[in-house]
Amino acid sequence: MTTTAPGKANTNFRLLLIIVSDLTRNKLRVLLYLAVIASAMAVILGSHHNRQQVIALENLMEEKDKLDVEWRNLVLEQRALTEHNRIETMVEKQLDMYRPTADDEVVVKIK
């Protein structure tokens, strides 16, 4: 059976008392230490928030670029669909319309 030395438990208790008394004697030093720890945590949280915002900004910029490319393609498609020659060809084929000749024109005079 092992027995602990009677002075060991007493030493641990004394060490704890010494630490507590030292902390209470140097209140300003403890306060400054806590302020440094709080400041470090604030810097860490600020950096994390900043990184998250940069990631979100990059995702939005990527989405903007994709939408810009899609918009340019739609503008090109609109221009191709509204070309005069294409419309004229479709009108002739689908609606059987034609450009009137001089004989087909009728001039209406208003008095």
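Colleague: How many helices and strands are there in the protein chain?

Modeller: The protein chain of this predicted model has three helices and zero strands. From the N terminus on, its elements run α-α-α.

Colleague: What share of the 111 residues is buried?

Modeller: Buried residues make up 0% of the protein chain. The word requires a relative accessible area under 20%. The accessible surface of the protein chain comes to about 11,200 Å², and carbon and sulfur atoms hold 63% of that surface.

Colleague: Why is R14 called exposed?

Modeller: Exposed means a relative accessible area over 50%. R14 has 52%, so R14 is exposed. This residue is in helix α1, which covers residues 6-25.

Colleague: Why does K66 count as exposed?

Modeller: The cut-off is again over 50%. K66 has a relative accessible area of 56%, and therefore K66 is exposed. K66 lies in helix α2, residues 27-81. K66 and H49 are 17 residues apart in sequence, and their C-alpha atoms are 26 Å apart in space.

Colleague: Where does UniProt place the "transmembrane region", and what is the helix content of that span?

Modeller: An unreviewed UniProt entry puts this feature at residues 30-47. In the model, the span is 100% helix and 0% strand, and its end C-alpha atoms lie 26 Å apart.

Colleague: Which residues does the "coiled-coil region" annotation cover?

Modeller: Residues 50-77, according to the unreviewed UniProt entry. That span is also 100% helix and 0% strand. The end C-alpha atoms of residues 50-77 lie 41 Å apart.

Colleague: What separates the mean positions of the positive and negative charges in the protein chain?

Modeller: A distance of 24 Å. The protein chain has 15 positive and 15 negative charges, where Lys and Arg count as positive and Asp and Glu as negative.

Methods
Residues are numbered from 1 along each chain as its sequence is written. This is a predicted model: local features need pLDDT of at least 70, side-chain atom pairs count only at pLDDT 80 or more; totals for chains, interfaces and linings use all residues. Side-chain values use heavy atoms; hydrogens and water are left out. UniProt positions are given in the numbering used here, feature names are shortened, and annotations may be inferred rather than shown by experiment. Helices (H or I, at least four residues) and strands (E, at least two) are DSSP runs, numbered from the N terminus. Buried means under 20% relative accessible area, exposed over 50%, partly exposed in between (1.4 Å probe, protein chains only). Accessible areas come from the Shrake-Rupley method with a 1.4 Å probe; for residues, only the protein chains shown count as cover. The place of a charge is taken as NZ of Lys, CZ of Arg, CG of Asp or CD of Glu.
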